[in-house]
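Subject: Structure handover

Hi,

Here is the structure I promised to pass on. Please open it alongside this note. My findings follow below it.

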Amino acid sequence: MITLRSSDGETFDLDEVVAVEMQTIKNMMEDRCAESVIPVPNVEGKILAKVIEYCKKHVKSTAKAEEHALSDADLKAWDSDFIKLDQATLFDLIMAANYLDIKSLLDLLCQTVADMIKGKSPEEIRKIFNIKNDFTPEEEKEIRRENQWAFE
């Protein structure tokens, strides 16, 4: 059993097979940096709980010999439900997946963001992510002229 402690002090007990899904934690364990409780200073408890939920589900899907293993279709459906998050949680999860080095989760979340902006105009993207346009109209016109290929 491995215990992780989030930045806000919440602790999580998980099986080693789940913990090693997180490359950062796996490396700490291999380097014997992990004592009784492994601190995860960059991740809050509610986000770490979501990360652990994802890792547990994906460990279960790779345990094909078990009778409760998930099929690829079931896992894709589960992933689709998992990513139905508010933006703040989505971006916090991206940061956590990056810090903990969970490639499959990072890929899933980044694809979700890519899908959110696909086919959108710069104005629509600014609205979705609440980004202030700090270009003057003249600067924006110049950028559009220089990068006309991107607006076709």
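Two strands count as paired if DSSP finds at least two bridges between them. Strand β1 (residues 2–6) and β3 meet that with four bridges, and they run in the parallel sense. Keep in mind throughout that this is a predicted model.

**Confidence**

The mean pLDDT of the chain is 87. At least 70 is reached by 91% of the residues. Among the elements, α5 has the highest mean pLDDT, at 95. Helix α8 (residues 137–146) has the lowest, at 86. Where pLDDT is low, predicted coordinates should not be read in detail.

**The sheet**

Three strands make an open sheet in the order β2-β1-β3. The pairing is mixed. Which strands stand at the edges? They are β2 (11–14) and β3 (37–40). Each has a single partner strand, so one side of each lacks a neighbour in the sheet. On average, neighbouring strands are turned by 30° against each other, direction ignored.

**Aromatic pairs**

There are four aromatic pairs in the structure. I describe two of them here.

One is Trp78 with Phe82, and this pair is stacked. The ring centres are 5.0 Å apart, with 20° between the planes. Both residues sit in helix α4 (residues 72–82). They are four residues apart, about one turn of the helix. Trp78 and Phe82 are both buried. Together with Tyr54 they form one aromatic cluster.

The other is Phe91 with Phe129, an edge-to-face pair. Here the centres are 5.8 Å apart and the planes make 65°. This pair links distant parts of the chain, 38 residues apart. Phe91 belongs to helix α5 (residues 87–100), and Phe129 to helix α7 (residues 122–129). Phe91 has a relative accessible area of 31%, so it is partly exposed.

The axes of α6 (residues 103–117) and α7 come within 10 Å. They cross at roughly 130°, which means that α6 is oblique to α7.

**Backbone points to check**

Most residues other than glycine have a negative phi. Two residues are worth a look on this score.

Asp101 is not a glycine, yet has a positive phi of about 60°. It lies in the loop between α5 and α6. With a relative accessible area of 41%, Asp101 is partly exposed.

Asn130 has a phi near 55°, also positive and also in a residue other than glycine. Asn130 is in the loop between α7 and α8. Its relative accessible area is 71%, so Asn130 is exposed.

Best regards

Key: Residues are numbered from 1 along each chain as its sequence is written. This is a predicted model: local features need pLDDT of at least 70, side-chain atom pairs count only at pLDDT 80 or more; totals for chains, interfaces and linings use all residues. Side-chain values use heavy atoms; hydrogens and water are left out. Rings of Phe, Tyr and Trp (its six-membered ring) pair if their centres lie within 6.5 Å; planes under 30 degrees apart count as stacked, over 60 as edge-to-face and the rest as tilted. Helices (H or I, at least four residues) and strands (E, at least two) are DSSP runs, numbered from the N terminus. Buried means under 20% relative accessible area, exposed over 50%, partly exposed in between (1.4 Å probe, protein chains only). Axes are lines fitted to C-alpha atoms, for helices over the stretch in contact, and angles run from 0 to 180 degrees between N-to-C directions. pLDDT is the predictor's confidence in each residue, from 0 to 100. Angles under 35 degrees count as roughly parallel, over 145 as roughly antiparallel, 65 to 115 as roughly perpendicular and the rest as oblique.
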